[in-house]
There are 2 protein chains.
Amino acid sequence: MTNLTGEIAPIWELNPLWETLTEEERTRVLGKIEIVQYTKNEMIHFDGEESSHMGMLLSGKIRIYKEGIGQKQIIRLLKPYDVFGYRACIANGPYNSNASAFEDSVVYRLQRDEFVRLAKENGAFCYGVMRMMAQDLAISEIRTVNLTQKHIRGRLAESLLQLVHKYGVEEDGQTLAMLLPREDLANMSNMTTSNAIRTLSQFAQEGLVAINGRRISILNEKELEKISRLG
Amino acid sequence: MTNLTGEIAPIWELNPLWETLTEEERTRVLGKIEIVQYTKNEMIHFDGEESSHMGMLLSGKIRIYKEGIGQKQIIRLLKPYDVFGYRACIANGPYNSNASAFEDSVVYRLQRDEFVRLAKENGAFCYGVMRMMAQDLAISEIRTVNLTQKHIRGRLAESLLQLVHKYGVEEDGQTLAMLLPREDLANMSNMTTSNAIRTLSQFAQEGLVAINGRRISILNEKELEKISRLG
DNA sequence: TAAAAAATATGCTAAAAAACATAATTTAAT
DNA sequence: ATTAAATTATGTTTTTTAGCATATTTTTTA
């Protein structure tokens, strides 16, 4: 972790979360934000550790995950301008998951007390944070059902589609813009790494995807959606 | 569903959520609350249906669940004074789960617009709702890992312990105060009904619990905790 | 109260997924 | 560039869980 110095970009142009801040709050917050850089695979925060900051990803990619019984469970992946760690700040307690940099990443972070102060003094901001949390809660509950009730193929298909929607595809219109190791794909999909490898191979044999090392191309999105839907 | 008439109890004495309401808001809300009664197994709201009210359970028990692939997934069980449906109201969208009365139940309910108005006009109330949601989100994420990574015995043990903590035990200090059909126990624990029956029998044979029809007594909580912890 | 329906108990079989093993390939480090 | 380490690929075995069948018990309904 390295602290960087420099101009802070106007965050309200990057994520609508900050739009409700008053002029005064904007000035104050800009003065409080720290720029922090993390290198590939560096830990950002730990499950159980008392929350100190909420963060907004500026560049790079981050994984949020929990350690299960011998296996990690990726809860969500972040792309630039996504925020994280805000739930723990609001709960005024520990983080309930780990965060680590998937690749070299730059984060704007804001101390917990500052964030909480905004939520307490600015009703519109508070309401916005709450709506975001309502969204996250809905996603989490849907996710639980997906991960527990779908079979391996359905879970993997769903993860692939999530990656398409989260990070998009390259110019060819089908190659995932996110080069994810099979282990992470497994940790997203609640399966062992070998099963992620095996099942992805099967998808390739069936012509649903094309594999070129870590580069995965989605050839038949419709069929993957069907596999995901039917479990 | 039956609408009842009568006095509304001062809700701020029943759940601290309402403590932050001003005198004016208290009067207004009391005038807006409806008393509704549901009979055993009656549906209260449906997944996907546009949210119209948030509710607070007055008496009885309620299950919140999602329909999975051929199997239900109980997300949480409610006891008196628990609130529900508030997430969908805040998101200003559909409920993302079903709610049904586990036994005859009485609910105080408040229209979505009224609830949202409170959250928008009263910052302290908004902050309280948000903290509750932060709690629910943490629980949901922990739950996902538990349900996906623990084995059957671990999941069942955990559900039993949850029931102890949620509804407590009878005077003998060990019989669950909640008489839950095996099917619901299965739906809480992400397993088939036969596996819930079978595994519970095993626990009985091992002396961890005693079964008397639907009455389940916890004989060795320590060991159940161990089974739950180790998966 | 009797009959029907639902829930529970238990055994057996089939399917799904994990665990293990080993080789090939790719990536990272020296 | 070469070696070492990590990742990916694929096959086999074992464990776990679901699915099905049937008997018994309990609960509900007429």
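Visitor: How do α5(B) and α7(B) lie relative to each other?
Guide: This is a predicted model; local features need pLDDT of at least 70, side-chain atom pairs count only at pLDDT 80 or more, and totals for chains, interfaces and linings use all residues. Residues are numbered from 1 along each chain as its sequence is written, while chains are lettered from A and ligands numbered from 1 in the order in which they are written. Helix α5 (residues 152-167) and helix α7 (residues 193-205) of chain B pack at about 80 degrees, axes 10 Å apart. With 65 to 115 degrees counting as such, α5(B) and α7(B) are therefore roughly perpendicular.

Visitor: Which residues of α7(B) make the contact with α5(B)?
Guide: Contact requires C-beta atoms, placed from the backbone, within 7 Å. From α5(B) come B:I152, B:R153 and B:L156. From α7(B) come B:N195, B:A196, B:T199 and B:L200.

Visitor: What is the bridge partner of B:Q37 in β9(B)?
Guide: β2(B) pairs with strand β9 (residues 105-111) of chain B in the antiparallel sense, over five bridges. The partner of B:Q37 in β9(B) is B:V106.

Visitor: Is B:N41 buried or exposed?
Guide: B:N41 sits in the loop between β2 (34-38) and β3 (43-45) of chain B. Its phi is near 70 degrees, positive in a residue other than glycine. Buried takes 20 or more other C-beta atoms within 10 Å, exposed 12 or fewer, partly exposed the range in between, with C-beta atoms placed from the backbone. B:N41 has 11 such neighbours, so B:N41 counts as exposed.

Visitor: What is the phi of B:N92?
Guide: B:N92 lies in the loop between α2 (86-91) and β8 (98-101) of chain B. B:N92 is partly exposed, with 13 other C-beta atoms within 10 Å. Most residues other than glycine have a negative phi. The phi of B:N92 is positive, near 60 degrees.

Visitor: Which element gives the most to the side of chain B that touches chain A?
Guide: On chain B, 37 residues are in contact with 37 residues of chain A. Elements giving two or more residues to that side of chain B are β6 (72-78), α2, α3 and α4 (123-149). With 21 residues, the one that gives the most is α4(B).

Methods:
Helix = DSSP H or I, 4+ residues; strand = E, 2+ residues; numbered from the N terminus. Axes fitted to C-alpha atoms, helices over the stretch in contact; angles between N-to-C directions. Parallel < 35°, antiparallel > 145°, perpendicular 65-115°, else oblique. Contact = placed C-beta atoms within 7 Å. Pairing = 2+ DSSP bridges.
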